[in-house]
Amino acid sequence: MATDYDAPRKTEDDSESIEALKERVPDKLSGAVGDEDADNPSGFELPGADLSDLELDVVVLPAQEDEFTCASCFLVKHRSQLDHDSADGPICKECAA
């Protein structure tokens with residue numbers, strides 16, 4: 001059966017007033033935390049917020065045998081990304097391009 005998607009759809013909900021619709025839809029501009037933010041209890045941090053009192057625990061692994069540090073961009077890359085060795089050190093394919 002073919003369906004005409006351009007035809008207007010009429011249902012019994014079309015008779016609802018705008019005020020009733022506004023009451024059903026949550027206000028997006030309010031600062032209330034909804035269910036979608038339940039996994040972030042501390043709230044949303046704005047860019048530029050002072051984070052100097054936070055301590056981060058980071059595990060730094062040394063470069064592995066199959067990795068090198070590019071002398072141009074200083075990123076640790078896999079040996080498959082090595083383009084050539086220069087006088088300054090190894091250069092990756094992205095920096096050599």
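In which strand is Lys 77 found? Lys 77 belongs to strand E2, which covers residues 76–78, where helices (H or I, at least four residues) and strands (E, at least two) are DSSP runs numbered from the N terminus. The model is predicted, and local features need pLDDT of at least 70, side-chain atom pairs count only at pLDDT 80 or more, and totals for chains, interfaces and linings use all residues. Residues are numbered from 1 along each chain as its sequence is written, and side-chain values use heavy atoms, with hydrogens and water left out.

**View 1. The whole protein chain and its order of elements.** The protein chain has two helices and four strands, which follow one another from the N terminus as α-β-β-β-β-α. Of its 97 residues, 6% count as buried, a term that stands for under 20% relative accessible area, whereas exposed stands for over 50% and partly exposed for values in between (1.4 Å probe, protein chains only). The accessible surface of the chain comes to about 9,300 Å², and carbon and sulfur atoms hold 53% of that surface; such areas come from the Shrake-Rupley method with a 1.4 Å probe, and for residues only the protein chains shown count as cover. Among the contacts with a separation of 6 or more, 4% are between residues 24 or more positions apart, a contact being heavy atoms within 4.5 Å.

**View 2. The salt bridge between Lys 77 and Glu 94.** The structure holds one salt bridge, defined as a side-chain nitrogen of Lys or Arg within 4 Å of a carboxyl oxygen of Asp or Glu. Lys 77 forms this bridge with Glu 94, and the closest N and O atoms are 3.3 Å apart. The pair links distant parts of the chain, with Lys 77 in strand E2 and Glu 94 in helix H2 (residues 93–96), 17 residues apart. Lys 77 is buried at a relative accessible area of 12%, whereas Glu 94 is exposed at 59%. Leaving out residues up to four places away in sequence, Lys 77 touches Asp 66, Glu 67, Phe 68, Cys 92 and Glu 94.

**View 3. Two pairs of cysteines without a bond.** A disulfide is a pair of cysteine sulfur atoms within 2.5 Å, and by this rule the count comes to zero. The cysteine sulfur closest to that of Cys 73 is in Cys 70, at 3.7 Å, and is therefore too far for a bond. For Cys 95, the closest cysteine sulfur is in Cys 92, at 3.5 Å, which is also too far for a bond. Cys 73 is partly exposed, with a relative accessible area of 28%, and Cys 95 is partly exposed at 30%.

**View 4. The surroundings of Ser 72.** Ser 72 lies in the loop between E1 and E2 and counts as partly exposed at 42% relative accessibility. Apart from neighbours within four places in sequence, Ser 72 is in contact with Ile 91 and Cys 95. Ser 72 and Pro 90 are 18 residues apart in sequence, and their C-alpha atoms are 8.3 Å apart in space.

**View 5. A nonpolar patch on the surface.** Leu 56, Val 58 and Val 60 form this patch and together have about 380 Å² of accessible area. Patches are made of residues with over 30% relative accessible area and no salt bridge, with like charges joined within 9 Å and nonpolar side chains (Val, Leu, Ile, Met, Phe, Trp, Tyr) within 5 Å. Leu 56 lies in the loop between helix H1 (18–24) and strand E1 (67–69), and Leu 56 counts as exposed at 72% relative accessibility.
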